[in-house]
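Here's a quick tour of a model, from charged pairs through to packing and pockets. Have the viewer open and follow along.

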Amino acid sequence: MTTPYQQQSQAPVPPQSPPQGPPQAAPPMPPQAPHQTAPHQTNPYQAAPHHHAPHHSAPHHHTQPPQPQPHQQMPSGPPSQPYAGVGPYTSPIPVRRTSLGNALASEWTKIKSVRSTIWTLSVMVALVIGIGLLVAATTADSDYDTVPTTLPGFFGTLLGQLCVVTLGVLVITSEYSTGMIRTTLTACPQRSRVLTAKALVFFTLSFTITTVALVLVAYASMGMHSGPAVAEPTGDQILGATVGAGLYVSLLGLLSLAVGAILRHSAGAITTMLGVVLLPSILPAFLMMSDSLRDLGSKMLEYSSPQSLASLFQIDDGLNNGWPQLSVLAGITAAAMIAAYALLEKRDV
């Protein structure tokens, strides 16, 4: 079986006679059909046989070769000179060096815009003022013959300090739980500056609010109980019941912040701080049962949180004025803050 192309190539070519008359232009070539594969071919990529068709000369079209384009001349001048209309980018926002003041402003914005801060401090103020005024209203003048009239603030502070401890933990651990600490440390790569700003803002806020609440309770109680049978509180007693107690509670909150920075977990840090506040008041009862551990139990009880606050309020004449306990708490808080600084610089977020 032969293909049409093969049949065409095998047909005899008739002789051509010389053309008569003037030469005529060659007819236009018909459009060629697309190449099709013969049915008997198994390989579609096999080339088809060549055709020996009669050669017709076509008129030649002379095209003009492309002319070379002239090279574009670059502007003259030194290499460092910019082109016209192009210059260095200038930011419309003023750029300046950051300082601790910027970190303080940032932490103040964060701590005042969080609902937990408002609720926790509100509960603390309600406990200190509410319980203090309730105790002052339900006691008589004869109850203050041996104790100062600033005593009612002691009962509210025992419960109010737990709120400050909880808030101190949440100030730092809430950013770890939400991942906000990455944004904070990206905006302020100086990690020690971030922890310093948090500590200063929280300590100032807690000390101010606690002291104001204690001052209100102290002067309200002194106004309710005044008479010849009432011993007027001394300046040292008023100072311990207001500034001293406010400083003690704020240092406990700062210790909580340091523990939160070390543990980086809200539940773990709060549980640890509750043990620090409550265990020294409970363990001495068991330690004093043993003769060898009695001294340790009595010393632990002396520096426990309730006993330290009682010393600051000068409830008993046999107690000191509470400043030694305050100094010990300040030393423990400083050691915890140093550990928090060291771990914050070494660990990843």
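## An arginine and its partner

Arginine 294 is partly exposed, at a relative accessible area of 40%; for these labels, buried means under 20% relative accessible area, exposed means over 50%, and partly exposed is in between (1.4 Å probe, protein chains only). Its side chain meets that of aspartate 291 in a salt bridge, 2.9 Å from N to O. Aspartate 291 is exposed, with 64% relative accessible area. A salt bridge here is a side-chain nitrogen of Lys or Arg within 4 Å of a carboxyl oxygen of Asp or Glu.

A word on the ground rules: this is a predicted model, where local features need pLDDT of at least 70 and side-chain atom pairs count only at pLDDT 80 or more, while totals for chains, interfaces and linings use all residues. Residues are numbered from 1 along each chain as its sequence is written, and side-chain values use heavy atoms, with hydrogens and water left out.

## The overall build

The protein chain has 11 helices and 0 strands, taken as DSSP runs numbered from the N terminus (helices are H or I with at least four residues, strands E with at least two). Of its 349 residues, 32% are buried. Take the contacts (heavy atoms within 4.5 Å) with a separation of 6 or more: 79% of them are between residues 24 or more positions apart.

## A buried charge network

The salt bridge count comes to 6. Glu107, Lys110, Glu175 and Lys198 are linked in a network of these pairs. Glutamate 107 is buried, at 6% relative accessible area, and bridges to lysine 110 with the closest N and O atoms 3.0 Å apart. Those two sit 3 residues apart in helix H2 (residues 100-112), so about one helical turn separates them.

Glutamate 107 also bridges to lysine 198, with 2.9 Å between the closest N and O atoms. This pair links distant parts of the chain: lysine 198 belongs to helix H6 (residues 191-224) and glutamate 107 to helix H2, 91 residues apart. Lysine 198 is buried too, at 2% relative accessibility.

## The nonpolar core

In soluble globular proteins, nonpolar side chains tend to be buried together. The largest nonpolar core here has 55 residues, and Leu195, Phe202 and Tyr248 touch the most other members. Such a core is a set of buried Ala, Val, Leu, Ile, Met, Phe, Trp, Tyr and Cys residues joined through side-chain atoms within 4.5 Å. H7 supplies the largest share of this core, 12 residues.

Tyrosine 248 is worth a click. Setting aside neighbours within four places in sequence, tyrosine 248 contacts residues including Gln161, Ser304, Leu309, Gln325 and Leu329.

## The second largest pocket

The second largest pocket holds about 340 Å³ of space. On a 1 Å grid over the protein atoms alone, a pocket is an open set of points where a 1.4 Å probe fits, with protein on both sides within 12 Å along at least five of seven lines; lining residues have an atom within 4 Å of a point. Points are joined across faces, edges and corners, and the volume is the space filled by probe spheres set on them.

Its lining has 19 residues, with Val276, Pro280, Tyr303, Ser304 and Ile332 nearest the centre. H8 gives the most to this lining, 6 residues. By class, the lining has 13 nonpolar, 5 polar and 1 charged residues, where Ala, Val, Leu, Ile, Met, Phe, Trp, Tyr, Cys and Pro count as nonpolar, Asp, Glu, Lys and Arg as charged, and the others, Gly among them, as polar.
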